[in-house]
Amino acid sequence: MKGGMATMIGLAAMPIGLVFVGLIIAKPRIGLWSMFVFSFFANGITRYIDGPFGLGGRYYSADNSIRIAFQNEGRSGIARH
């Protein structure tokens, strides 16, 4: 079976990822801190591995901005009518 180890790692990491996404939805501050940490990680890892890690920081930034906007919908936040 080709790719079995990658599939196993992906399936094992999926619950951890879902819990992390749930934490970001509940508390966007965690998402902002993880974006900050990921930015330093992306700058350091590009010395050893080629890849589009800079796009990950932009994803975190856009994702957290949207979540914060929708979280403040009921309060006097951005999405107020």
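Helices and strands are DSSP runs, a helix having at least four residues and a strand at least two. In this predicted model, the chain has three helices and zero strands. Along the sequence the pattern reads α-α-α.

**The chain as a whole**

The table gives some totals for the chain.

| Property of the chain | Value |
|---|---|
| Share of the 81 residues that are buried | 19% |
| Accessible surface | about 6600 Å² |
| Share of the accessible surface that belongs to carbon and sulfur atoms | 69% |
| Share of contacts with a separation of 6 or more that join residues 24 or more positions apart | 48% |

**How α1 and α2 pack**

Two packed helices are described by the angle between their axes and the distance between the axes. Helix α1 covers residues 4-26, and helix α2 covers residues 28-45. The angle between α1 and α2 is about 115 degrees, and their axes lie 5 Å apart. Which residues meet where α1 and α2 pack? From α1 come F20, L23, I24, I25 and A26, and from α2 come P28, I30, G31 and S34. Of the residues in this contact, seven are nonpolar, two are polar and none is charged.

**A nonpolar patch on the surface**

W33, F36, V37 and F40 form a nonpolar patch on the surface. Together, these residues have about 500 Å² of accessible area. F40 belongs to helix α2. Is F40 buried or exposed? The relative accessible area of F40 is 57%, and exposed means over 50%, so F40 is exposed.

Terms used. Residues are numbered from 1 along each chain as its sequence is written. This is a predicted model: local features need pLDDT of at least 70, side-chain atom pairs count only at pLDDT 80 or more; totals for chains, interfaces and linings use all residues. Side-chain values use heavy atoms; hydrogens and water are left out. Patches are made of residues with over 30% relative accessible area and no salt bridge: like charges are joined within 9 Å, nonpolar side chains (Val, Leu, Ile, Met, Phe, Trp, Tyr) within 5 Å. Accessible areas come from the Shrake-Rupley method with a 1.4 Å probe; for residues, only the protein chains shown count as cover. A salt bridge is a side-chain nitrogen of Lys or Arg within 4 Å of a carboxyl oxygen of Asp or Glu. Buried means under 20% relative accessible area, exposed over 50%, partly exposed in between (1.4 Å probe, protein chains only). Axes are lines fitted to C-alpha atoms, for helices over the stretch in contact, and angles run from 0 to 180 degrees between N-to-C directions. Contact means heavy atoms within 4.5 Å. Ala, Val, Leu, Ile, Met, Phe, Trp, Tyr, Cys and Pro count as nonpolar, Asp, Glu, Lys and Arg as charged, and the others, Gly among them, as polar.
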